[in-house]
Amino acid sequence: MSAPIIEARGLRKTYKVRGRGKESPRTVEAVKGVDITIDAGEIVGFLGPNGAGKTTTLRMLTTLLDPSGGTATVNGHDLAKDPVSVRRSIGYVAQMGTTDPSAVAGEELVDQARLYGIDRKVAADRGKALLSGLDLDGIWERKCGTLSGGQRRRLDIAMGLIHEPRIVFLDEPSTGLDPQSRANLWDHIRRVRDDFATTVFITTHYMDEADALSDRLLVIDHGEIVGKGTAEELKRSVGGDQVLLTSTSADAAHALASAAAAILGDHPTEVDGDVVRLTVPDGASALPRLLRGLGDSHDVEGVAVRRPTLDDVFLTMTGRSLRDEEE
Ligand SMILES: Nc1ncnc2c1ncn2[C@@H]1O[C@H](COP(=O)(O)OP(=O)(O)OP(=O)(O)O)[C@@H](O)[C@H]1O
């Protein structure tokens, strides 16, 4: 196995905040000693509610912010000892983007490449290929301010990739985009990884984004990593799927619950009015077995399988809903 492309141990950031008026200064422990291991070519979603510590972690890993403690290597370079090599090997796409509305898209790309010492002609060729790969053919001469939100975000990503970094950090890339542009952006991010084998580290507070895009997730809350794994693994860790059976009455539901237990074995079961809720490891395979076993002996008016969401994962891990935090 090759060495991880990002490895952080006990990474920590404490902000000192000046008190207002006569208030004494206080400290905010934004990131409390996180361990992060990321392999080359992964798309890793860094999921957490607002204020969880995502941007702070990302700014430390991209050398924009000095850690208060801990160590990290990025692409084999030590964050503290060799920040210049770290910077050269990464692309960073900030939440707000970096393009100037009055600048021409192609010139922005070439100027960005020049910062890395890339020849103008090479930069132009590379920029055009990148724009084409991101479905942005034809915007080379356009002023950045005239592009749609989705086009502008894809141009930001092209800016982050122009020097062919092995890792790109994307901070909340789809904030402010409509659902269709978001899904489209995810396709493009996946394509970047597939075409250029780029490792993608993406912060998000959107569960659907983390779920749809990431190979693996790190869930952060109050500056601590509270979960890691694939979306499937995390969902499985909260106890499985729910099979919902609607019966004809509360009495019938109790009888149905007993019959279900006899067929499927002992699983957590709740009866709520005329609904029976069973928690099983794999709802999709349990349901046909259950219905076959029940036959016509019970009146079942409706069935549903509810798979856990990342919100259920967050709720189980923190006792709070990610959705509440978003609101
Ligand atoms: N410069 C700063 N000075 C003081 N406190 C800060 C500073 N930057 C961030 N914080 C605090 O640190 C904590 C983590 O903030 P951070 O921006 O890393 O969270 P986040 O998960 O990226 O949130 P968001 O999704 O809103 O960007 C929050 O409590 C925030 O208020």
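Two residues are in contact if their C-beta atoms, placed from the backbone, lie within 7 Å. Axes are lines fitted to C-alpha atoms, for helices over the stretch in contact, and angles run from 0 to 180 degrees between N-to-C directions. Helices (H or I, at least four residues) and strands (E, at least two) are DSSP runs, numbered from the N terminus.

This is a predicted model, in which local features need pLDDT of at least 70 and side-chain atom pairs count only at pLDDT 80 or more, while totals for chains, interfaces and linings use all residues. Residues are numbered from 1 along each chain as its sequence is written.

**View 1. Helix 11 on the strands.** Helix 11 (residues 310–318) lies across strand 3 (43–47), strand 9 (216–221) and strand 10. The helix runs at about 135 degrees to strand 10.

View 2. Six strands, in the order 6-7-8-3-9-10, form an open sheet with mixed pairing; two strands pair if DSSP finds at least two bridges between them. Strand 6 (90–93) and strand 10 (224–229) are the edge strands, each pairing on one side only. From one strand to the next, the twist averages 15 degrees.

**View 3. Strands 6 and 7.** Strand 6 and strand 7 (residues 167–171) run parallel and are joined by four bridges. Tyr92 has Phe169 in strand 7 as its bridge partner.

**View 4. Leu64.** Leu64 lies in the loop between helix 1 (54–61) and strand 4 (69–74). Leu64 counts as partly exposed because it has 15 C-beta neighbours inside 10 Å; 20 or more would be buried, and 12 or fewer exposed, with C-beta atoms placed from the backbone. Pro83, 19 residues apart from Leu64 in sequence, is 9.4 Å apart in space, C-alpha to C-alpha.
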